[in-house]
Amino acid sequence: MAFVSTAPLVSRLTRRGRLMAKRTCDRRGHAFAFGRFLFRTPTAWEYAAAVAGGSDPAAQRWLGWLPESVVAEPMRGEALRVVPGTGPDWTTPDPHSVDVVAIDLVAGRCAGLVSVHAGEDGGPETGGYLAPGYRGQGFGRDLFAAGLVLAHEHLGLSRVRAGAEVGNVASGRSLEAAGLRRVPGPPQYTLPDGRACEAWWYQHDAAWPRKCAGPQARWLAPPRLSRECLSRF
């Protein structure tokens, strides 16, 4: 009698196996694959890993988080070793942001985070960052493109903007590679730590946005339809 391994089935039946196999959205979170990465609403441990991935000095040069939000060593190194799919549910998300963690399915690591959040004017913006081991390899394009997928195909947003500090050429190139275009905008924006920066602004539009079954950006006011739009219904 031949022996048939049940390991793949057992893996799928575990919580981690289910999370890593998830590719569709539900009321608990978002999930979709793009390029090398699985983008998914994080567990608490995955979110900690993502925050650690943006806490190094090189990232903080552009992100400018409050000191209490920055993960210091040695906790940063420990958090970056989190195994994706592990940890309790993330129960305290930012009420004005929809965040998804980028999971490298090949290496089994949390590679970064991208979000759609309320900008300074209340309108939707996208932004994100990569962990140190994923920078300078062209993955920024996939990260920001995933932000557009989240905005247009999951949150039903027809327009989303993104800001980058003047001089942050890598982010600017990644945003343009993802399909965003330069547009006029406020000359400055303020980082969480209070530092005012000169800004470049980018925008992407979708003619037919869609909503998924996942958590929605409920902080956004319903868009006002123009007379021209109303005439088409």
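# Salt bridges, rings and buried residues

Colleague: How many salt bridges does the structure hold?

Modeller: This is a predicted model: local features need pLDDT of at least 70, side-chain atom pairs count only at pLDDT 80 or more, and totals for chains, interfaces and linings use all residues. Residues are numbered from 1 along each chain as its sequence is written, and side-chain values use heavy atoms, with hydrogens and water left out. A salt bridge is a side-chain nitrogen of Lys or Arg within 4 Å of a carboxyl oxygen of Asp or Glu. The number of salt bridges in the structure is twelve.

Colleague: Which residue forms a salt bridge with arginine 15?

Modeller: In this pair, the closest N and O atoms are 2.6 Å apart. Arginine 15 is in helix H2 (residues 15-21), and its partner is 74 residues away, in the loop between H5 and E3. Helices (H or I, at least four residues) and strands (E, at least two) are DSSP runs, numbered from the N terminus. The partner of arginine 15 is aspartate 89.

Colleague: Is arginine 15 buried, partly exposed or exposed?

Modeller: Buried means under 20% relative accessible area, exposed means over 50%, and partly exposed is in between (1.4 Å probe, protein chains only). Arginine 15 has a relative accessible area of 32%. That value makes arginine 15 partly exposed.

Colleague: Which residues are linked with Arg15 in a network of salt bridges?

Modeller: The network has Arg15 as one member.

Colleague: Which residue forms a salt bridge with arginine 159?

Modeller: The closest N and O atoms are 2.5 Å apart. Arginine 159 lies in strand E6 (residues 159-165), and its partner lies in strand E9, 46 residues apart from it. Arginine 159 is partly exposed at 46%. Its partner is aspartate 205.

Colleague: How far apart are the closest N and O atoms of arginine 181 and aspartate 205?

Modeller: These two residues form a salt bridge. Arginine 181 is in strand E7 (residues 181-183), 24 residues from aspartate 205 in strand E9. Aspartate 205 is partly exposed, with a relative accessible area of 33%. The closest N and O atoms are separated by 3.6 Å.

Colleague: Which side chain of opposite charge is nearest to aspartate 99?

Modeller: Aspartate 99 sits in strand E3 (residues 97-104). Aspartate 99 is buried but has no salt bridge. Lys and Arg count as positive, Asp and Glu as negative; His and the chain ends are not counted. The nearest side chain of opposite charge is 13 Å away and belongs to arginine 40.

Colleague: How many aromatic pairs does a search of the whole structure find?

Modeller: Rings of Phe, Tyr and Trp (its six-membered ring) pair if their centres lie within 6.5 Å; planes under 30 degrees apart count as stacked, over 60 as edge-to-face and the rest as tilted. The number of pairs found is eight.

Colleague: Is the pair of phenylalanine 32 and phenylalanine 39 stacked, tilted or edge-to-face?

Modeller: The centres are 5.5 Å apart and the planes are at 20°. Phenylalanine 39 is buried, with a relative accessible area of 0%. The pair is stacked.

Colleague: Is the pair of tyrosine 189 and tryptophan 201 stacked, tilted or edge-to-face?

Modeller: The ring centres are 6.1 Å apart and the planes are at 70°, so the pair is edge-to-face. Tyrosine 189 is in strand E8 (residues 188-190) and tryptophan 201 in strand E9 (residues 196-205), twelve residues apart. Tryptophan 201 is buried at 8%. The answer, again, is edge-to-face.

Colleague: Which residues does alanine 131 contact, leaving aside neighbours within four places in sequence?

Modeller: Alanine 131 lies in the loop between strand E5 (124-130) and helix H6 (139-154). At 1% relative accessibility, it counts as buried. Contact means heavy atoms within 4.5 Å. The residues are Gly53, Leu80, Cys110, Ala111 and Gly112.

Colleague: Is the peptide bond from glutamate 73 to proline 74 cis or trans?

Modeller: Most peptide bonds are trans. Proline 74 is in the loop between helix H4 (57-63) and H5. Omega is near 5° for this bond, which is cis.
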